[in-house]
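Student: I am new to this structure and would like to walk through it with you. Could we take it one question at a time?

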Amino acid sequence: MDTFLTFTVLGLVLGAVYAIAASGLVLTYNTSGVFNFAHGAQAMLGAFMYWQFSVGWGLPVWLSVVLTVGVLGPVMGAALYLLIMRGLRGTAEVTKIVVTVAVLLGFVYLSQWIWPPEEARILGLFFGSNASIEVFGVVIRAHEIICLVLAVAIAVGLRLLFHRTRVGVAMRGVVDDPDLLQLTGHDPERVALLSWVMGSVLAVLAGILITPIGGGALEANALTLLVIDAFAAAMFGRLRSIPRTFVGAIVLGMSATYLVGYAPASWTWVGNFRATLPMIILFIVLLVLPQDRLRGAATRTRERYAVPTVRRAVVWGVVLVVAVWLLAQLMVPGSITTFTLGMTFAVMALSLTLLTGYAGEMNLATMAFAAIGTIVAFHVGIVGAGLASRLTWWGVAFGVLATGLVGGLVALPALRLRGLYLALATLAFGGFVANMVLRDINESGLFGGIFPDGNLLVPPLKVGPVDLRDPLTALLTVTVLFAVAAVGVIALRRSGYGRRLAAMKDSPAATAMLGQSLVPLKLSVFVISTSIAGLGGILMSSTLGSVSAESFPVLGSLSLLMLTVVGGIGYVSGALFGGLMAGAGVVAVVASLNNLAAGSEGLSNIYSTLASVFLVLTALVGMGVGENPSGRAHLVTATWRRIAPARPVLIGAAALEAVFYLLALFHVIGNWWFAGLTVALFACTPRIARALMPSAVLTAEELAVPRPVPLEQVGLDKPFTEEQRDAVDRELGLPRHRPAPSTIPAAAPRASTVATRQETAHVVA
Amino acid sequence: MSLLEIRGVTVRFGGNTAVNDVSLEVEAGTITGLIGPNGAGKTTLFNTVTGLQRPSAGRVLLDGDDITRVPPAKRARRGMARTFQRLELFLSLSVRDNVRVAGDIARGGSRRRADLAAETDRVLELTGLTDVADRDVSDIPTGRARVVEVARALMTSPRLLLLDEPASGQTEHETDAFAQMLAGLAADGLGICLVEHDLPLVMRLCSTIHVLDYGALIASGTPAEVQQDPGVVAAYIGTETAA
């Protein structure tokens, strides 16, 4: 009985913390329409800051709490809203999710920069582990009482806020109809700001409460994911109801502790299962949620993607393969392998182009599907032993098919629901794979050791005469596979099937009203997409040669998605950019900087800081995606398409690039120089084209706009216009030398008179 | 047996009754008008007929079969098509592809590509959209965008077409051509239900008009009868035309 009560109390405490975390999430989601994936990272950052105040700088506990919860929390929430989230109105759900994912990654990188993970940090219980009372034979520690009391207080507080205060009622209204809210005299911006502040405070609070309960070790990734468990609780309330969220949190906390307390000793996998439990519960909740109403396009979103023709895609595919071959000539074998790794990530990113860019659905667990593909290929598709062992084509084929099948099964429960729920289902699957599958390392595991010894040796692929043991062959094979898959994806988008996907993305309601059943369409695209992810995953593993659980990180899926969206989720080139960055670019830059740090005594600090800054910067770029939701590829395509008529400039640029290449090939300049010059040339060419050949590049309207004459030269290089004369006279108070100034605005466009007036003001001043 | 029959449909949102015990019919080969002030429940009724909204009570029958619980996509495959008052165009697609995708869906993969392209061109021609066929659908004016919705619906070869304010945003000239097209379609046997604020257009085209006010039918009959109905004049025309 005592044990039962003890576990009950522990469960209640865990549930209380989940409730605090989940209610913050529900709050921000409902008032700003942004599902904050960074909620866990905010909690993590709060816990680290609290540690810094109380342990690092030795401030009193009360002061540390005030600084963390009372200052850091609100400031972080306000900053997030004002700097980032406010700009997300009118963007697709995908963009909203990716921006919060970028914040998550940014916070994790930031914390690893400030608090290097090599050093262990422990956060103790409030009032220590000895301060406790005993009720009915159960020892309840002070920290646990604090958790329970705070959860109850927050529940009561939120209830009062929503039902008894004007601003609370406004908060409930802001998502339903911001315009209506404005009519009733509320400022939706202020209401949303307040909710982000409150959500952030709740996250930080949850962070400093849950860390000691979870063992006290401060580890950025683990802490971030710990609070993501609270997402499951929020699902109980369909992300709307705070009371139901609390019920869900308690159920979650209790079931986790009872499971650990009462599972038979022979279930050695129960620890892993317990870690996965919230995600499994999330999955079950998705199964029983009632179907959403079919929705139209709620807002006109700002994302725009142009799809190339298949013919053009084939040409670019060939160009890509040739370019990669040329680049490989500059590289040492080690770099070629890194490059190959980047291309395998590009294949995985391609799965996101199809799923997210074309069909508007989400997958937050690409790496988990990569792991599934790898495991299947490992178990069925390897022949030979030792150095002679090879991955076979049927191993790849089985892996790809199995991944697609698993993808279908994962998506199935969420297909009836909105895109966000599918994203959460994949997140849950990612947690499941990370905790259950990749830790299933020996016979006592639930799956009987599906991931033997926690380390799979995946040899290079060999098909007929093509042996990927040679790095250059591997690079070219993977590049060709990427190009073929990319052309395939574009051909798919150009087909009737692709038009149906685009229709579903733009307006589910209208698509259904044309007779399209949405569930089979979503299911099929998810299966195809996860198959591609599986292919990329198998190639990745075979490039690495040896993979462990760390090769398939949960956060890796998120950063791949983020970088692909930055590149342009609706473009195959966006996938190429995102994959190369995620798989090779970031690694290469960070490794180079760290090498420099190790190599140079005095500057080592600066270089290792630069490496951290670079990581945070990638996340910052992700956060900026709200500004340009269509991605870099969109801008680049638009810019280069415009200068296409300026042929001489393009030929000149190509010739210059060839010179750079030859210089690099004969080691006159280093590879970094080559990369730098290429980027510079790429950036400058459009400007040069505009400057040298304006008639070819600019439209008639742009040419018609007169070139601005510097103010001080007006009257010298160019005569004063009548308007300028009038404006000068007016400013100087001189009598008008010309009649009827009222005719001037009619004669000249308004903008130009305004401009002249400003110019004149300068002249006079 | 009527093409479409609505029997005693009621839709409640919370305590608010948006549609209250409405019964009406739409016959093949005719245009039936549905008018009423803003918020009268016209769009909600359309949503109920097309399956986007479950009614709290009442039934919807197509060809005499009860389809009240049939999902929207299946209703569409049985010959029902609609347009939306708040435009629901596919913004990633060109005008032509907006129309063609309806054919992609209706025929699955079975139809030859050339046939589909020809059919798309025919519908674009019929609706007078040929000149903007390759433009981005977000680039054309609202009045013509509404016609794209009509063209898309026609591409499914429907037997029943529900039009939700298709003429708003159209120029007078466009409306004339549009009216002629609708009359032609009805003459070919299509049953049309038209929600529209352009009363002269409704009076000109419809053989039967139903007037909805506060969710309830207050009058039904020929244009002449409805125009003279004192209740309608008081509740609808009196306020709407004055505004």
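Student: Which residue ranges make up domain 1 and domain 2 of chain B?
Tutor: Keep in mind that this is a predicted model. The domain assignment gives domain 1 of chain B in two pieces, 1-79 and 160-243. Domain 2 of chain B is given as 89-157. So the ranges are 1-79 + 160-243 for domain 1 and 89-157 for domain 2.

Student: Which element gives the most to the side of domain 1 of chain B that touches domain 2 of chain B?
Tutor: The C-alpha centres of these two domains lie 24 Å apart, and 11 residues of domain 1 of chain B are in contact with 10 residues of domain 2 of chain B. On the domain 1 side, β7 and α6 (172-187) of chain B each supply at least two residues. By class, that side has 7 nonpolar, 3 polar and 1 charged residues. The element that gives the most, with 4 residues, is α6(B).

Student: In what order do the 6 strands of the open sheet in chain B lie?
Tutor: Start from the edges: β6 (80-82) and β10 of chain B each have a single partner strand, so one side of each is left without a neighbour in the sheet. The twist averages 15° from one strand to the next, and the pairing is mixed. Reading across the open sheet, the order is β6-β7-β8-β3-β9-β10.

Student: Which residue stands opposite B:M80 in β7(B)?
Tutor: β6(B) pairs with β7 (residues 160-164) of chain B in the parallel sense, over 3 bridges. Within β7(B), the residue opposite B:M80 is B:L160.

Student: What angle does the direction of helix α1 of chain B make with that of β7(B)?
Tutor: Helix α1 (residues 42-50) of chain B packs on the sheet. Among the strands it touches are β3 (31-35) and β8 (191-195) of chain B. Its direction and that of β7(B) make an angle of about 150°.

Student: Which element of chain B gives the largest share of the side that touches chain A?
Tutor: The contact takes 24 residues from chain B and 22 residues from chain A. On the chain B side, α2 (72-77), β6 and α3 (95-107) give two or more residues. That side has 13 nonpolar, 4 polar and 7 charged residues. The largest share, 7 residues, comes from α3(B).

Student: In chain A, which element gives the largest share of the side of domain 1 that touches domain 2?
Tutor: Domain 1 of chain A covers 2-262 and domain 2 covers 312-596, with 33 Å between their centres. 14 residues of domain 1 of chain A are in contact with 15 residues of domain 2 of chain A. The domain 1 side has 12 nonpolar, 1 polar and 1 charged residues. Its largest share, 9 residues, comes from α4(A).

Student: At which residue does α27(A) bend?
Tutor: At 1.5 Å a residue, the 22 residues of helix α27 (residues 671-692) of chain A should span 32 Å, which agrees with the 30 Å between its end C-alpha atoms. A proline, A:P686, follows the bend within four residues. The bend, of about 35°, is at A:C684.

Methods. Residues numbered from 1 in each chain as written. Chains lettered and ligands numbered in written order. Predicted model: local features only at pLDDT ≥ 70, side-chain atom pairs only at ≥ 80, totals over all residues. Expected span 1.5 Å × (residues − 1). Bend = angle between axes of the 7 residues up to and from the residue. Pairing = 2+ DSSP bridges. Axes fitted to C-alpha atoms, helices over the stretch in contact; angles between N-to-C directions. Contact = placed C-beta atoms within 7 Å. Nonpolar A, V, L, I, M, F, W, Y, C, P; charged D, E, K, R; others polar.
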